[in-house]
Amino acid sequence: AGYTVCGPSRTALLTGRHSGNFARYGYDGEHLAAGQAVTLGEVLSGAGYATALFGKSAPLSTPTASGFDAFVGQVSQLDCHNMYPRVIDAGETLGGCNLTLNWKAKSRDLCMASPERYNYTTDVFVGAALKWLDNIAAAPAAEGSAEQRPFFLYLSLTVPHAGGWTDNAAEEGAPVPTDLQYVNESSWPDVERDHAAAITYMDTCVGALVRKLRALGVEKDTLVLFASDNGAHLEGGHDVRFFNSTGGLRGHKRSMFEGGVRSPTMVRWPGKVRAGSVSRVPWAFWDVLPTLAEVAGASSAVPDDVDGRSFLRTLLGPGDDGVEGELRGGAGARLR
């Protein structure tokens with residue numbers, strides 16, 4: 001990841017800079033105003049990509065002024081805890097999207113008993129992403145051209161973060177419309193059934209996106225990255241030990257030990273990245289910007305002073321020779 005909690009981690013993702021240099025550039029790790037940094041969205045937009053952000057936008061205060069053509073989601077990190085909110089943000093307008101089904105009594109029991117009667121934010125974000133992909137597929141790269149415009153979709157889901165069913169940013173549990181195949185795990189606490197279901201629900205949403213790419217005929221030309229912005233959490237009543245969520249690593253979210261920052265990343269790029277291959281090259285969120293810039297042929301747009309290095313060679317090749325040098329964190333701490 002990029003840090004032990006979400007805001008600074010995403011700041012690293014979007015700027016190519018690690019937290020040890022945030023103070024140097026005036027970043028607080030929670031808010032990033034338009035023009036404060038050259039963002040990943042701006043680099044790819046400048047390379048001719050259509051860009052969109054759906055879901056949690058933090059640290060970006062104004063996504064559409066920070067390199068993203070389209071945005072539907074939640075700007076406030078606290079609002080992201082509300083997974084059945086009455087309103088979310090859209091475009092340049094805070095609260096610009098009214099979730100009409102959520103203007104009534106809400107609770108875990110009510111939302112799970114009749115999920116079709118409520119708007120679950122994950123469904124809203126994924127639905128917006130799928131519709132946007134359809135629109136991009138229907139629009140040519142240029143007038144008179146048969147080619148589709150290249151695109152960058154940043155789908156920033158809020159699950160499986162702890163959250164609640166109200167509008168007061170409470171971390172009451174792990175909201176999810178249904179407990180799916182875990183519904184009969186009666187020995188599990190409610191929050192653990194919900195947590196497992198939220199992850200499986202998210203996995204189903206990722207599958208829907210991959211199927212959409214296939215249906216649009218762009219599956220083999222699309223690089224998909226799936227990653228977490230911090231280690232496993234122990235919030236909203238979830239016990240990080242219940243499913244051994246850190247895989248035995250010491251620590252968890254908010255911890256500076258490995259369990260707070262180290263999590264696996266999955267990459268899918270048919271014909272480019274060999275299915276089932278595993279790389280042990282260490283990389284972090286600040287390496288994403290230069291990597292995707294290289295994929296897009298836009299490395300010249302990346303500021304010279306970013307901390308990240310492209311790991312594209314590692315993705316494309318069989319060897320672990322992509323990211324070299326040191327990983328740094330905090331005030332100059334080094335991991336070799």
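In helix H1, the buried residues are Cys 6, Gly 7, Pro 8, Ser 9, Arg 10, Thr 11, Ala 12, Leu 13, Leu 14 and Thr 15, where buried means under 20% relative accessible area, exposed means over 50% and partly exposed lies in between (1.4 Å probe, protein chains only). The structure is a predicted model, in which local features need pLDDT of at least 70 and side-chain atom pairs count only at pLDDT 80 or more, whereas totals for chains, interfaces and linings use all residues. Residues are numbered from 1 along each chain as its sequence is written, and side-chain values use heavy atoms, with hydrogens and water left out.

H1 is mostly covered, since 10 of its 10 residues are buried. The cover over these buried residues includes helix H2, helix H3, strand S1, strand S5 and helix H8, with a contact taken as heavy atoms within 4.5 Å. Just after H1, Gly 16 takes a positive phi of about 75°. Asn 21 is placed in the loop between H1 (6-15) and H2 (22-25), and because its relative accessibility is 16%, Asn 21 counts as buried. The side chain of Asn 21 makes a polar contact, at 2.9 Å, with the side chain of Asp 307; such a contact is a pair of N or O atoms within 3.5 Å, of which, within protein, one must be able to donate a hydrogen and the other to accept it, and residues adjacent in sequence count only if both atoms are side-chain atoms.

Phe 22 belongs to helix H2, and Phe 22 counts as buried because its relative accessible area is 6%. When residues up to four places away in sequence are not counted, Phe 22 touches Pro 8, Thr 11, Ala 12, Arg 17, Tyr 27 and Gly 29. Between the C-alpha atoms of Phe 22 and Val 302 the separation in space is 17 Å, while the two residues are 280 residues apart in sequence.

Helix H8, which covers residues 288-295, is also mostly covered, with six of its eight residues buried. These buried residues are Val 288, Leu 289, Pro 290, Thr 291, Leu 292 and Ala 293. What covers them includes H1, helix H3 (40-46), strand S5 (151-156), strand S6 (224-226) and helix H9 (312-316). After H8 comes Gly 297, which has a positive phi, near 70°.

Ala 58 and Pro 59 are joined by a cis peptide bond with an omega of about 15°, and Pro 59 is located in the loop between S1 and strand S2 (70-74). A cis peptide bond also joins Val 159 and Pro 160, where omega is about 5°; Pro 160 is located in the loop between S5 and helix H6 (190-215). Asn 244, a residue other than glycine, has a positive phi near 55° and is placed in the loop between S6 and helix H7 (258-261). Arg 254, although not a glycine, has a positive phi of about 80°. Arg 254 is found in the loop between S6 and H7, and it counts as exposed because its relative accessibility is 54%. Pro 140 lies in the loop between helix H5 (121-138) and S5, and its relative accessibility of 43% is why Pro 140 counts as partly exposed. The C-alpha atoms of Pro 140 and Pro 150 are 9.6 Å apart in space, and these residues are 10 residues apart in sequence.

For the protein chain as a whole, nine helices and nine strands are found. The radius of gyration of the protein chain is 20 Å, close to the 20 Å that the globule rule gives for 336 residues, so the chain is as compact as a globular protein of that length. The radius is taken over C-alpha atoms, and the rule is 2.2 Å times the number of residues to the power 0.38; helices (H or I, at least four residues) and strands (E, at least two) are DSSP runs, numbered from the N terminus. The C-alpha trace spans about 55 × 50 × 40 Å along its principal axes. Of the 336 residues of the protein chain, 49% count as buried, and 58% of the contacts with a separation of 6 or more are made by residues 24 or more positions apart.
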